[in-house]
Amino acid sequence: MGERLKVIAKGCLGENQIEIELNIPHTPGAPRDVHIQTSKGRLNMNEKEYLRLAFQTLRAKSHLKAMKGEGG
């Protein structure tokens, strides 16, 4: 695992604490790593994959609100 640069966010998912952290890449020039983790597990991805996931999550939230008539 790479060395942690900083914690991007902390919060709760149900009863579980969740932490998103940015890590130094394993090899020079490679994308930085992002870990989304709880005490039960961790999801690893590079920074580009994380940004794609975050964008799609926000887009899905907006789409759901529009479908429910709550505005976009």
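Reader: What makes strands 1-2-3-4 an open sheet with antiparallel pairing?

Author: In this predicted model, four strands line up in the order 1-2-3-4, with antiparallel pairing. Two strands pair if DSSP finds at least two bridges between them, and strands are DSSP E runs of at least two residues, numbered from the N terminus. Strand 1 (4-13) and strand 4 (42-46) are the edge strands, since each pairs on one side only.

Reader: How do you know that strand 2 pairs with strand 3?

Author: Count the bridges: five join strand 2 to strand 3 (residues 33-37), and the two run antiparallel. The cut-off is at least two bridges, so they count as paired. Within that pair, Leu-22 stands opposite Val-34 in strand 3.

Reader: What packs on the sheet?

Author: Helix 1 (residues 47-67) does, touching strand 1, strand 2, strand 3 and strand 4. A helix here is a DSSP run of H or I, at least four residues.

Reader: Why is Ile-18 called partly exposed?

Author: Ile-18, found in strand 2 (residues 16-23), has 22% relative accessibility. Buried means under 20% relative accessible area, exposed over 50%, and partly exposed in between (1.4 Å probe, protein chains only). So 22% makes Ile-18 partly exposed.

Reader: Which residues does Ile-18 contact, leaving aside neighbours within four places in sequence?

Author: Among them are Ala-9, Leu-13, Ile-36 and Thr-38; contact means heavy atoms within 4.5 Å.

Reader: Anything about how the model was read?

Author: Residues are numbered from 1 along each chain as its sequence is written, and side-chain values use heavy atoms, leaving out hydrogens and water. Local features need pLDDT of at least 70, side-chain atom pairs count only at pLDDT 80 or more, and totals for chains, interfaces and linings use all residues.

Terms used: Axes fitted to C-alpha atoms, helices over the stretch in contact; angles between N-to-C directions.
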